[in-house]
Amino acid sequence: MSVKAEIADILTRLGVNSASYTSGSTKIISPVTGEEIASVADVSAADTSAAIDKAHEAFKVWRNVPAPRRGELVRLLGEELRAAKEDLGRIISIEVGKITSEGLGEIQEMIDICDFATGLSRQLYGLTIATERPGHRMMEQWHPVGVVGVISAFNFPAAVWSWNAALALVCGDTVVWKPSEKTPLISLACAAVFEKAAARFGDAPDGLLTLLIGDRAVGEVLVDHPKVPVISATGSTRMGREVGPRVAARFGRSILELGGNNAGIVCPSADQDMALAAIAFGAMGTAGQRCTSQRRTFVHDSIYDEFVPRLKAAYKSVTVGSPLTTDALVGPLIDARASDAMERALEQAKALGGTVTGGEKIDAGYPNAHYRRPAIVEMPVHAGIVCEETFAPVLFVMRYTDLDDAIEKQNAVGAGLSSTIFTLDMREAEQFLSVAGSDCGIANVNIGTSGAEIGGAFGGEKETGGGRESGSDAWKAYMRRATNTINYSRELPLAQGVSFDIA
Ligand code: UN1
C-alpha cells in the first residue's frame, strides 16, 4: 500500500471526513518518502474570527459545568487515545518521520496528561489566607479564563496540543488550535478522536475544541483576538518574539515554549555507559528535532580521550532510514530547509575550527526526502553557531577542566530550556542544581536533556520564553485568580489601621 493510501485508510478508520484532507490546495508531503500524501484547505481570517466567537459562547456554557465533570470528558479522551494509539502513532511516523517507538511515545504522553488532568479536575485548589481583621475570611478561587489559543509545532504535533487542551478543558476553558502547517493530518485525527470522547460525554457544548488549519494569517487573528485571553505557543524563538509582544499589547497572557540549546556536562566520575546512552538518545533521537534535544556537551579533559571516541563510534553505527519500513533509530529531517540548515551549521562550525564526524546525506531510497547521518562536532571554542539552536542532529562537543567554567558556558546561550550533568559526585550534582548552577527550566542528573515526563512543569527561561506547560501547577496559567475577602462581622474595620469615619 502506498503511504498516501495508508494515511487515508487510518484517517477513515478514525472518523476523519476525507474531504478535509483531499480537497484543499495546500499539499502535505511525508518527510519519509518525500511524496504528497494529502492536501488541505486553509481557513480564512473571517472564519477564524467566527470560530473564536463560537468558542467564546461555548466557554460561557462550559465554565458552569463542575470541574470533576469536565474531568470526565478528559478521562474519556484518554480512553479514546488508548484505543487509537497505534493509528495515531503511525500518522506521526508518516507525517513527521518519527520512528515507531517515538511516534507511540508521543501518544502515550497524551494519555498520561489526560490521566493527570482527570485527577487535577478535583484539585484546582485555592488558598485560605489569614486576615488581619476580626470576623473576616480571605480566600482565593481559580476561575476558568476563556478561550485558550494553542499554536503548536511540527515536532510534537499531538502531545503539545494535548498538554494544553487537557488542562484547559478541566480548567473550564475552550480551545482553538492552530497546528503547524506541516502537520495538519495528525491534528485532524486528534480532533476526530476528541469528537468521539465528546459524543460519549453527551452534553459537551459545540465549540469546545476548534481546529483551524491555516497559515500565518490564522495565527495572527488568534494572537490579536480580544476574546482569546491566553495564547500558548510552541515554536521558534523568532516566532515567540512576534507572538509575545502582540499578545502583551492587548494585555493577553502568553505561555511561550520556544527554542532550546540544551547542554550536558560529563564529569570525571560519570558512569560513562549511562552518559553515552543518554547523550545518544538526547542528541540523535527524533533526528535532533526536539526542543529538548541535546546540542552541546562539555566533557572533562581527564576522560575526553576515552569518552568522545566511543561517542563518535555510536554516531557512526547508528542506523538511519525510513521509520515506516525499517527499524532504523534515526528517521528523516522534516524538509529541505532543515537539511540545508544542518549543512550550513556544519560549515560554520568547520570555519571555527570544528572537526565533524558524520552529517552526510544518506540515500534511504527516496530522492525527495532528506536523510542525514547525525553529526558530532568537536569544537575548540564555545562560540558562533555553537551558541545557536540548529533544529537538526548536530552535537557540539567541547573539553572542560573546571566545573564552574563548564556551567558558565552552558548558561552562556540565549535559550534556557533543558540541561543535564553526568556525575556520581554529589557535590557536583548539587552544585549543578543549585542557584548558581544550571539556569534552565529543566536541570537533570544522570539522565538526558530530552524525554521529560508530563508530571513536571515543562518549559524554560530566557529565550525559551518562560512558559510552563503540562504537570505540577502549570494549570494556573489556564485560569484566573480571584482573591475574596468576606466580612461576617458587624463592624467594618479597614486594613492597615486606616480610619474613615463618615458623620
Ligand atoms: C518539544 O520538543 O517541543 O521532553 C516537546 C521531551 C518531550 C517533549 C518535547 N516530552 O523531550
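**Close-up views of a predicted model**

View 1. Thr 131 counts as partly exposed because it has 16 C-beta neighbours inside 10 Å. (Buried means 20 or more other C-beta atoms within 10 Å of a residue's own, exposed means 12 or fewer, and partly exposed lies in between; C-beta atoms are placed from the backbone.) This is a predicted model: local features need pLDDT of at least 70, side-chain atom pairs count only at pLDDT 80 or more, and totals for chains, interfaces and linings use all residues. Residues are numbered from 1 along each chain as its sequence is written.

Thr 131 sits in the loop between S3 and S4. (Strands, E, of at least two residues, and helices, H or I, of at least four, are DSSP runs numbered from the N terminus.) Leaving aside neighbours within four places in sequence, Thr 131 is in contact with His 136, Arg 137, Met 138 and Thr 485. (Contact means C-beta atoms, placed from the backbone, within 7 Å.) The C-alpha atoms of Thr 131 and Ala 495 are separated by 9.3 Å, though the two residues are 364 apart along the chain.

**View 2. The open sheet S3-S4-S21.** Three strands form this open sheet in the order S3-S4-S21, with antiparallel pairing. Strand S3 (128-129) and strand S21 (479-487) stand at the edges with a single partner strand each, so one side of each has no neighbour in the sheet. (Strands pair if DSSP finds at least two bridges between them.) Nine bridges link S4 and S21 in the antiparallel sense. His 143 stands opposite Arg 480 in S21.

**View 3. Helix H3 and its buried face.** Helix H3 covers residues 45-62. Its buried residues are Thr 48, Ala 51, Ile 52, Ala 55, Ala 58, Phe 59 and Trp 62. Seen down the axis of H3, they fall within an arc of 120°, so they line one face of the helix. The buried residues of H3 pack against strands S4 (136-144), S5 (147-151), S6 (174-178) and S7 (209-211), and against helix H8 (216-224). Exposed Ala 46 and Lys 60 lie on the face of H3 turned away from its buried side.

**View 4. Strands S16 and S17.** Four bridges join S16 (residues 418-422) to S17, and the two run parallel. Ile 421 stands opposite Val 445 in S17.

Technical notes
The expected span of a helix is 1.5 Å times one less than its number of residues. The arc is that of the directions from the helix axis to the C-beta atoms. Two residues are in contact if their C-beta atoms, placed from the backbone, lie within 7 Å.
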